[in-house]
Amino acid sequence: MNSDFKYHISRRDLLVAGAGLAVSASLPPARASTVDERSIKIAPGQTRLGGSDRPSTAVWAYNSAVPGPKLRLRQGRSVRITVENGLDEDTTVHWHGIRLPNAMDGVPGLTQPPIKPGETFVYEFTPPDAGTFWYHPHTDSLVQLGRGLAGPLIVDEAEPVLVDRDLLWLLQDWRLAADGQIAGGFGGAMDASMSGRVGNAVTINGRAPADLGVRTGERVRLRLVNAALARMMALRFEGHRPIVVAIDGQPCDPHEPENGRLLLAPAMRIDIALDMQGDPGSRHAVIDDFYGGLAYTLTNLAYDKVSPLRAHPLDASVGLPRNPLPEPDLANAMHHEIVLQGGMMGGGKLAGVGGMPGMGMPGMNGGAAWAINGMSMTGDGHAGMAPQFTLERGASCHLTMRNETAWWHPMHVHGFSLSVLSRNGAPVPHRQWQDTVLMAPKDVIECAFVADNPGDWMLHCHVADHQMAGLMTVFRVK
Amino acid sequence: MKLTYRLAALALLISTPMPAFAATIDAVMYKNPSCSCCETYAAYLERNGFKVDIKPTNDLSQVSARLGVPADLEGCHSVVVGGYVVDGFVPVDVVKKMLVEHPAITGIAMAGMPMGSPGMRGQKTESWKIYAFTRDGKAPTVYATE
């Protein structure tokens with residue numbers, strides 16, 4: 001309890017020192033004075049990924065649940081979340097996508113001391129944006145996320161959105177051994193320098209997917225969260241036309257995805273509106289065909305035989321109210337560039353930063369496999385990470401991200417949402433804001449944001465193996 | 001007798017230059033679905049008398065481990081051919097040598113994806129060691145040096 005007290009004090013000190021006040025100055029004030037109180041205990045546990053009649057798998061869990069409990073918060077209302085660490089190793093919680101004070105961001109060493117075994121940390125923030133977010137560890141990320149630690153965080157709009165059902169699919173990907181337990185071998189060189197630890201069993205909300213029962217005529221808001229370590233997904237809803245209404249929690253102009261495929265990389269969220277227009281009694285596959293030659297049916301939409309809920313789809317717009325994001329001033333923006341380097345088939349560019357000179361295979365013997373602007377920051381975050389660049393508070397930043405590698409990278413920025421301007425020279429339509437921007441091999445992305453939140457913030461690839469092996473950097477807002 | 005006959009036929013098959021219509025050696029390649037250098041290697045094998053059935057897999061390290069490849073020799077693909085495992089960009093003459101000699105091993109591997117090897121770009125700048133490995137837990141031994 002002593003340590004509990006200590007961390008409690010230090011958090012308040014940090015808040016008073018400026019971070020909390022600074023954010024509240026640029027974000028809308030809380031609507032209510034009452035504070036939501038939540039608590040999460042992290043501990044080893046058991047879960048039945050295959051269903052109640054299947055053998056159980058040893059996992060690490062938030063409140064004994066995989067995924068962790070759904071945190072449903074109100075936009076603009078403060079929440080205080082007490083996190084207790086019942087693991088045998090340090091942990092932290094990162095509230096992925098929430099624009100919050102730096103001291104609440106959950107990066108060990110950089111924004112807080114790690115929560116040691118048996119200790120407690122109190123996170124306190126006021127979510128400024130409504131939308132679909134999630135939470136996960138930022139300590140020993142590869143192992144802790146890979147053993148099941150992930151949970152959904154939904155911030156409700158002030159006014160309810162008109163849909164018949166609001167559903168969530170938190171997608172996890174497990175590498176299971178033949179005995180149904182989580183396979184060892186975390187952090188192998190091949191995974192580190194190629195596509196990361198992609199697994200062999202995908203779950204929806206912690207279970208092997210069963211059919212989703214639907215009714216003709218209903219409108220569903222489906223919140224997709226990719227909480228996998230490394231598995232990219234490209235989802236197609238056969239016979240249906242999903243409308244993307246938000247990406248990474250931020251509403252966009254409603255649109256159909258290109259070729260009807262929803263590209264959902266690790267840590268990304270996509271909210272879709274689905275008007276169920278199939279015939280009563282019909283069944284339609286939801287297919288993930290991201291990896292060539294490895295397409296599979298994730299689940300099926302199974303229509304009830306009852307008569308349609310309504311004769312015609314709802315007339316109401318599927319658009320969501322926009323969040324209070326500050327608009328970057330591009331004409332006066334500071335320009336910075338991030339270049340992603342390394343990996344298998346990286347052309348030996350990593351020589352000198354961990355890759356073996358003259359060899360095509362970096363990442364051997366636990367060394368760095370990747371770099372950003374020639375610098376490999378490995379692990380989960382630690383004290384003394386020198387910022388790649390510094391921004392004056394309130395300045396607009398025009399950020400170019402250049403993927404020189406042969407691999408896909410979902411690049412996640414902490415503390416901000418990025419207005420995505422263009423991809424490979426072509427403007428990105430639909431007013432998309434993202435905290436996790438998926439880059440295909442050789443992609444060049446232009447994006448922008450307002451540096452309204454002071455602190456040292458992380459920018460890293462969310463393929464956990466890639467982050468651990470060097471695809472990470474830090475920038476500072478003064 | 002049968003085995004001797006088969007070996008002799010195989011030796012004949014792979015010691016003579018192959019005309020286009022010659023019989024081919026069937027091989028199965030397990031590879032990361034996103035890796036293109038493996039495809040370059042598969043094409044190299046096909047140019048040299050093999051028929052390669054490519055099987056993409058997302059848990060290659062588990063497949064390779066099941067095939068008996070030691071973790072520190074594991075490459076971005078594993079090829080099963082003639083009852084052996086070939087891991088990494090092993091030059092085709094070494095593969096053929098193994099198929100003819102028929103040693104009592106599980107397979108051979110060349111770690112590290114060196115520049116200039118089949119599948120990788122660039123010039124060969126050093127000598128390569130191809131290791132033989134077995135499933136009995138003994139340390140790999142050098143099978144060939146190129």
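In this predicted model, the C-alpha centres of domain 2 and domain 3 of chain A lie 25 Å apart. The bounds of such domains come from an automatic or database domain assignment, which here divides chain A into domain 1 (2-156), domain 2 (165-303) and domain 3 (330-477). The contact between the two takes 23 residues from domain 2 of chain A and 27 residues from domain 3 of chain A, where two residues are in contact if their C-beta atoms, placed from the backbone, lie within 7 Å. On the side of domain 2 that touches domain 3, the elements giving two or more residues are helix H3 (189-193) and strand E15 (250-255) of chain A. Helices (H or I, at least four residues) and strands (E, at least two) are DSSP runs, numbered from the N terminus. By class, this side of domain 2 has 13 nonpolar, six polar and four charged residues; Ala, Val, Leu, Ile, Met, Phe, Trp, Tyr, Cys and Pro count as nonpolar, Asp, Glu, Lys and Arg as charged, and the others, Gly among them, as polar.

Most residues other than glycine have a negative phi, and most peptide bonds are trans. In the loop between strand E2 (57-62) and strand E3 (71-74) of chain A lies A:Pro67, which a cis peptide bond joins to A:Val66, with omega about -10°. The loop between E2 and E3 of chain A also holds A:Ser64, a residue that is not a glycine and yet has a positive phi of about 60°. A:Ser64 has 15 other C-beta atoms within 10 Å and is therefore partly exposed. By this scheme a residue is buried if 20 or more other C-beta atoms lie within 10 Å of its own, exposed if 12 or fewer, and partly exposed in between, with C-beta atoms placed from the backbone. A positive phi, near 55°, is found at A:Asn259 too, in the loop between E15 and strand E16 (262-264) of chain A. A:Asn259 counts as exposed because it has 8 C-beta neighbours inside 10 Å.

As for confidence, the model scores ipTM 0.78 and pTM 0.87. The mean pLDDT (the predictor's confidence in each residue, from 0 to 100) of chain B is 84, and 84% of its residues reach 70 or more. Over residues 16-21 of chain B, however, the pLDDT is below 50, and this stretch has one contact in the model beyond near neighbours in sequence.

Residues are numbered from 1 along each chain as its sequence is written, and chains are lettered from A and ligands numbered from 1 in the order in which they are written. Local features need pLDDT of at least 70 and side-chain atom pairs count only at pLDDT 80 or more, while totals for chains, interfaces and linings use all residues.
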